[in-house]
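Hello,

Please read them with the model open beside you.

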Amino acid sequence: MTLLVPYHQDDFLPDLDAALPPATPTTTVTATLPDDVRGWSRLAPLYRAVADAVHSGVRPDAPLSVVSGCCGVSLGVLAGLQRAGVDAGVVWFDAHGDVQTMETSTSGYLGGMPLRVMVGYRPELIASSLGLRAVPESRAVLVDARDLDPPEAEYLRAAAIAVSTVESLAAAALPDGPLLLHVDCDVIRAEELPGLRFPVPGGPSAASLLAAVGRVLDTGRVAALDIACTWDPSAPDPTGAGPRLLADLLTRAADARPPSP
C-alpha cells in the first residue's frame, strides 16, 4: 500500500496521482486546513492525518511508501512511525539542507526546515502537536545537500548529523535501528527531471540515486520510504521522467527485504 499525500505545503495537488504507476494500491490522505491561521498551525491537521495513516499502515514485512509533493509531510510520517512503536533514525536525501529555522530563513519557507524540526528545533511550532519526539542528531544522515545557506552550513559544521554524497553513502554510515528513508526527488541533477520547483545544479544521476536508495533498503531496516515529488505536476514532462523515477523508487521499496524486528 502507498499513501498519497497530494500537497505541496498547503496547496492541494490534484494532478499528483497521475505520477503514480497504474494500478498502484493507494490510500489518499487529505485534511481540512483552517483558513484563520497560517504557517505550521495551518499544516498541523494534514500532518496529523498523515501520522494517523502511517500508524495504521506501517507493516512488519515491508517498508511503507508515502508519496507527497513536499518534504514537510515527513514530519507526519515520522510521528506515525513513533506512534507505532518504531524508533526510527533518519536518512535524508535532498539537494537542500532542510535545516533552516524560523530565525535564519530569509524566505520563511517551511519546506526548508523539516530535518531541523526532526532533531529537536522548537517543538512548540509543530512537533508537540504531532506527538513527535526529537531524533538525536547522531541518528540522522543528510545526503547530497549541495545547496546550503550560510546558517545551514554553520549549523551542520557543529551538529552531529552525518553528511554524505549519494555515491559515497554506505550501509556502515547509517544510523542503528529502524530507519525513515526520505527522498526529495530534487536530489538528482535537474537536467534529468523537468519542472523541479527548486532545481540545484550538479548532483547525481537518477541511476546513482536508485543505487544508493537500494543500499539503504537492502539493510532490511527501512520502516518507511517517504518520497517528496518536488516538481510541478502540471509542468511539461515529455519523456515521463518524474513518473518513471517515482515508479523505480516504489518498485525498489516493494522488492526490499522486510524490516528487521
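Helix α7 (241–254) lies across β1, β5, β9 and β10, running at about 175 degrees to β10, where helices (H or I, at least four residues) and strands (E, at least two) are DSSP runs numbered from the N terminus, and axes are lines fitted to C-alpha atoms, for helices over the stretch in contact (heavy atoms within 4.5 Å), with angles from 0 to 180 degrees between N-to-C directions. Helix α1 lies across β1 (2–5) and β5 (64–68), and runs at about 175 degrees to β1.

The model is predicted, with local features needing pLDDT of at least 70 and side-chain atom pairs 80 or more, while totals for chains, interfaces and linings use all residues. Residues are numbered from 1 along each chain as its sequence is written, and side-chain values use heavy atoms, leaving out hydrogens and water.

The strands form an open sheet of eight in the order β4-β1-β5-β10-β9-β6-β7-β8, with parallel pairing (at least two DSSP bridges between two strands). Because β4 (26–28) and β8 (162–164) stand at the edges with a single partner strand each, one side of each is left without a neighbour in the sheet. The twist averages 20 degrees from one strand to the next. Four bridges join β6 to β7 (residues 140–143), and Val91 has Val141 in β7 as its bridge partner.

In helix α6 (residues 206–217), the buried residues (under 20% relative accessible area, 1.4 Å probe, protein chains only) include Leu209, Leu210 and Val213, and what covers the buried residues of α6 includes β6, β9, β10 and α7.

Best wishes

Key
The expected span of a helix is 1.5 Å times one less than its number of residues. Buried means under 20% relative accessible area, exposed over 50%, partly exposed in between (1.4 Å probe, protein chains only).
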